[in-house]
Amino acid sequence: MSQQLGGQPILILKEGSSRTRGRDAQGMNITAAKAVASAVRTTLGPKGMDKMLVDTIGDVVITNDGVTILKEMDIEHPAAKMMVEIAKTQDDEVGDGTTTAVVIAGELLKRAEDLLEQDVHPTVIAQGYRQAAEKSHEILNSIAIAIKGSDSAMLRKIAETAMTGKGAEANKEKMCELVVKAVTMVADEDGTVDKDNIKVEKKVGGSIDNSEIVEGVLVDKERVHPGMPRKVKDARILLLNAAVEFKKTEVDAEINITSPDQLQAFLDEEERMIKNIVDKIIESGANVLFCQKGIDDIAQHYLAKAGIFAVRRVKKSDMEKLARATGGSLISSIDAISGDELGWAGLVEEKKVSGEEMVFVVECKNPKAVSIIVRGGTEHVVDEIERAVEDALRVVGVVFEDKKLVAGGGSPEIELSLRLREYAASVGGRAQLAIEAFATALEIIPRTLAENAGLDPIDMLVELRASHEKGKKTVGLNVFEGKAEDMLKAGVVEPLRVKTQAIASAAEAAIMILRIDDVIAASKTAAPEGMPPGGPGGMGGMGGMGGPGMDF
Ligand code: ADP
Ligand code: MG
């Protein structure tokens, strides 16, 4: 890369760096982003297909979940990575609508490409898109439907819509009931739902129907010694993040032992030290011990003798859940054990689930701790159901908090599209073209729902538009019967926040990608000749979604 100065070329970039500018840069980024959108498009909606993803070590994931697909795919291109970011943001914020967000972003870019060809300047498009996104937010709020937190029938519908198309399909009703029950149980009076209080535990074996809700925390471990009680009532629980073991020296020490007596003395000393640790635990008054680290064989023996129920190598996240549920605090050193930090539960019990032992901590001090055991025939089934349940928990939680929902099945997108076109006409000028493009882009959702269901998208769109023009705002696509139908009556409903967030982040990403007209990529070590410009390498300072601000 060089610039001319008085006939002398000046190198401003390191050798091997590549630079793409103007339309080429835009074209390249848009193509990459569109490719990501088209990769997930076929999974959208209840009739969407699944993807099987195989990683480098041969692990297989079968899923319909947009964000899972994108996370599993090893995406390299920087603009494509920004699309993955949209899905992640959507997942973090609301837990559903990830495919929707990515598909809309891809379509916004495709429509922008047409405008670029007509020589509309990218900043004009960006401006129009921003206006359209803000207007969409307004329109969505105006068509949203308010519900009561106690409306569990409606909450179940929300859960069902979030679960359609996922592996949980067959026993959706059962799972939805569990989800709504769990969320209702942990919700505060003011409606806030802390999803951290709900633990989803998978167990392969049995059928989906055997899934159940447990009021308390489940730990997928067994007690360390068969001599320990299986059941402890009035459990005083010590949560320890330190090994109940003989401390090994930090330095390599060598001990010379010259007689059997000495060896015995050495072993006795080791045992005495372990016994001291166990005594400390006994003194604290605990009758249940959850240990994040290991518990030595000798310690296990002494603990069993003292009638203490002990579990070792408990996951950190489980320890945190236990602390919340039992009101105990995590202790990270044996010396810090005093007895004040114990948690409490009415019952700690080891029980068999699908032939494997699990520890149930129930009747907890904090009644807001609940667990859902997800059961299913194979690992892939259980994994996909767990993802569906996690999504459903999130959306039900969101609606519980916001108490606002919209109809699904493409109905809000059609309504937005119509209203945005009216709005575009009132804006006029070149921005009008961009707002109209935005309006058309949103139709990609009902269009894709139709395509994925094997229906004619054009016929369907015509039918939907006609209904909405007559003021039927909640008419969407019944993908099973291939006709327009009132989605509210059909029970296909989604949280308002899923839509506002999806459109906001799709617009934000599209705008960000559009505004790039110069891609400068540092050379990757020993990049082969003829590598597509900007292909490899990061795009410094462009990661994340914090670009041109759009607050929704
Ligand atoms: P996402 O990752 O965006 O949530 P999904 O595959 O879950 O993708 O599809 C969501 C879309 O499917 C939404 O537009 C939703 O309204 C629609 N949808 C869900 N259930 C139905 C149904 N029973 N009939 C029609 N559309 C549905
Ligand atoms: Mg979904």
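This is a stop-by-stop tour of a predicted model, with something to select at each stop.

**Before you start**

Residues are numbered from 1 along each chain as its sequence is written, while chains are lettered from A and ligands numbered from 1 in the order in which they are written. Because the model is predicted, local features need pLDDT of at least 70 and side-chain atom pairs count only at pLDDT 80 or more, totals for chains, interfaces and linings use all residues, and side-chain values use heavy atoms, with hydrogens and water left out.

**Stop 1: the whole chain**

Show the protein chain as a cartoon. You will find 17 helices and 21 strands; these are DSSP runs numbered from the N terminus, with helices being H or I of at least four residues and strands E of at least two. Along the principal axes, the C-alpha atoms fill a box of roughly 95 × 70 × 40 Å. The chain has 552 residues, and 51% of them count as buried. Here buried means under 20% relative accessible area, exposed means over 50%, and partly exposed is in between, using a 1.4 Å probe and protein chains only.

H137 sits in helix α5, residues 122-143, and is partly exposed at a relative accessible area of 25%.

**Stop 2: ligand 1**

Around the ligand are 22 residues, of which D96, T99, T100, G409 and E494 come nearest; a residue is near if one of its heavy atoms lies within 4 Å.

Next, look for polar contacts (pairs of N or O atoms within 3.5 Å; within protein, one must be able to donate a hydrogen and the other to accept it, and residues adjacent in sequence count only if both atoms are side-chain atoms).

- G45: a polar backbone atom is 2.9 Å from an oxygen atom of ligand 1.
- G97: a backbone N or O atom lies 3.1 Å from a ligand oxygen.
- T43: a backbone N or O atom is 3.4 Å from an oxygen of the ligand.

Taken alone, ligand 1 exposes 570 Å², and the protein buries 96% of that. Accessible areas come from the Shrake-Rupley method with a 1.4 Å probe; for residues, only the protein chains shown count as cover.

**Stop 3**

Select β6, β17 and β20. These 3 strands make an open sheet in the order β6-β17-β20, with antiparallel pairing. Its edge strands are β6 (145-146) and β20 (493-495), each pairing on one side only. Two strands pair if DSSP finds at least two bridges between them, and 2 bridges join β6 to β17, residues 404-407.

**Stop 4: loops**

Step to K403, in the loop between α11 (379-402) and β17. Phi of K403 is near 55°, a positive value in a residue other than glycine, and K403 is partly exposed at 27%. R313 also has a positive phi, near 50°. You will find R313 in the loop between β12 (309-311) and α10 (316-326), partly exposed at 46%.

Then go to T164, between α6 (152-163) and α7 (172-186). T164 is buried, with a relative accessible area of 18%, and a polar atom of its side chain lies 2.7 Å from the backbone oxygen of T161.

**Stop 5: salt bridges**

Side chains of opposite charge can pair when their charged atoms come close. The structure holds 30 salt bridges, each a side-chain nitrogen of Lys or Arg within 4 Å of a carboxyl oxygen of Asp or Glu.

Start with K34 and E113, whose closest N and O atoms are 2.7 Å apart. K34 lies in helix α1 (22-41) and E113 in helix α4 (98-117), so the pair ties together parts that are 79 residues apart in sequence.

Is the next pair, K199 and E201, buried or exposed? Both residues are buried, and their side chains meet at 2.7 Å, N to O. In another pair, R236 and D234 come to 3.8 Å; R236 is partly exposed at 35%, and D234 at 40%. For a network of salt bridges, select R223, R230, E350, K352 and E357.

**Last stop: a nonpolar patch**

Finish at the surface with I255, I257, L263, F266 and L267, a nonpolar patch with about 410 Å² of accessible area together. Patches are made of residues with over 30% relative accessible area and no salt bridge; like charges are joined within 9 Å, and nonpolar side chains (Val, Leu, Ile, Met, Phe, Trp, Tyr) within 5 Å. L267 belongs to helix α8, residues 260-283, and is partly exposed at 39%.
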